[in-house]
Amino acid sequence: MSRTSATLTLAVLTPALGLSLAAPAQAAAPTACTGVAACTVVSRADVDGDGRRDSVGISWSTGSDGADRSTVRVLTADGERLSTTTADSHWRGANPWWGAAAINRRAGHELVVGDDMGNHGASFRVITYRSGALTTQLAPGGEYRWTIDSSNYANAGYWRTASTNGTIRLTRKVSSLEGELWTLSTRTYSPTWSDGWTKVSGSTIATTDIRKVKVGGWHVPYLDSYYG
């Protein structure tokens, strides 16, 4: 019997016998963690600004000195692999991933990871895509880390808004208690194309209204406000 005849015979007999020919298994689509041990995929977000979702993964560990170390990895939709490491951080050995969100004015999402965790305050590294690489997005004022706080005597947080005409504003609010009087500082910034921030307004008031000073945490779409 020829190979062609055998194939035709099998195709005819298989349904008659109640059998099926299984399609060959397809390999799983690669992710940012493919081939990397102890890596967790945490997001599918457009990182490089091309409008397509990219795979985002993170791995983390604690050294013998007690310092944490995390590496964020990205596999773009067109197959480019990128990574950046945050060393000497202190996130109590937990997964430092915080989220993916639009923060500056460029297309794509920034990646936010925890850097230092205190009893009521925390600092973060904001990672952004620039010229084919992952780099640090500076906070207003030029700091390399973004800090939030929430307690009975100090609060700090960020707000990000975008108008229908595309105007983006980032507002930083900080409050502190001295005696029975709170001081609330508000600074609003506009992102620049050079990845910096230009202050567009600011104010400082004194108040006893506790509702006005509870400003701690992230107030940015797709980011948790606080931990705990």
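**Ground rules.** I call a residue buried when its relative accessible area is under 20%, exposed when it is over 50%, and partly exposed in between (1.4 Å probe, protein chains only). Helices (H or I, at least four residues) and strands (E, at least two) are DSSP runs, numbered from the N terminus. This is a predicted model, in which local features need pLDDT of at least 70 and side-chain atom pairs count only at pLDDT 80 or more, while totals for chains, interfaces and linings use all residues. Residues are numbered from 1 along each chain as its sequence is written, and side-chain values use heavy atoms, with hydrogens and water left out.

**Entry 1: the whole chain.** I counted two helices and 14 strands in the chain. Of its 228 residues, 40% count as buried. I then looked at contacts, meaning heavy atoms within 4.5 Å. Among the chain's contacts with a separation of 6 or more, 44% come from residues 24 or more positions apart.

**Entry 2: strand β7.** How many of the residues of β7 are buried? I found 10 of 10 for this strand, residues 121-130. G121, S123, R125, I127 and Y129 point one way, A122, F124, V126, T128 and R130 point the other way, and all are buried.

Next I looked up the partners of β7, taking two strands as paired if DSSP finds at least two bridges between them.

- β6 (residues 110-117) runs antiparallel to β7 and is joined to it by six bridges. V112 stands opposite V126, and the two strands form a hairpin with three residues between them.
- β8 (residues 133-136) pairs with β7 in the antiparallel sense over four bridges. Here Y129 has L134 as its bridge partner. This is also a hairpin, with two residues between the strands, and S131 in the turn has a positive phi of about 50°.
- β9 (residues 146-150) pairs with β7 over four bridges, again in the antiparallel sense. I148 is the bridge partner of A122.

**Entry 3: the sheet β1 to β4.** I turned to an open sheet of four strands, ordered β1-β2-β3-β4 with antiparallel pairing. Its edge strands, each pairing on one side only, are β1 (40-45) and β4 (81-89). From one strand to the next the twist averages 20°; for such angles, axes are lines fitted to C-alpha atoms, for helices over the stretch in contact, and angles run from 0 to 180 degrees between N-to-C directions. Strand β3 (residues 68-75) is joined to β4 by seven bridges, and L75 has R81 as its bridge partner there.

I also checked E80, in the loop between β3 and β4. Is E80 buried or partly exposed? E80 is partly exposed, because its relative accessible area is 27%. Not counting residues up to four places away in sequence, E80 touches V74, L75, Y129 and G132. E80 and A133 are 53 residues apart along the chain, with their C-alpha atoms separated by 9.9 Å.

**Entry 4: W91 and D115.** W91 lies in the loop between β4 and β5 (97-101). It counts as buried because its relative accessibility is 3%. Leaving aside neighbours within four places in sequence, the contacts of W91 include D68, W98, D115 and F124. A122 is also in contact with W91; the two are 31 residues apart in sequence and 9.0 Å apart in space, C-alpha to C-alpha.

D115 is in strand β6 and is buried, with a relative accessible area of 11%. With neighbours within four places again left out, the contacts of D115 include W91, T86, R125 and R145.

**Entry 5: the cavity.** Rolling a probe the size of a water molecule over the atoms shows where empty space is left. On a 1 Å grid over the protein atoms alone, a cavity is a set of points where a 1.4 Å probe fits but cannot get out, and lining residues have an atom within 4 Å of a point. Grid points are joined across faces, edges and corners, and a volume is the space filled by probe spheres set on the points.

I found one cavity of 30 Å³ or more. The largest cavity has a volume of about 40 Å³. Which residues line it? They are W60, S61, D68, R69, S70, S89, W91, A94, P96 and G114. The elements giving two or more residues to this lining are β2 (54-62) and β3, and β3 gives the most, with three. By class, I noted four nonpolar, four polar and two charged residues in the lining. Here Ala, Val, Leu, Ile, Met, Phe, Trp, Tyr, Cys and Pro count as nonpolar, Asp, Glu, Lys and Arg as charged, and the others, Gly among them, as polar.

Notes
On a 1 Å grid over the protein atoms alone, a cavity is a set of points where a 1.4 Å probe fits but cannot get out, and a pocket is an open set with protein on both sides within 12 Å along at least five of seven lines; lining residues have an atom within 4 Å of a point.
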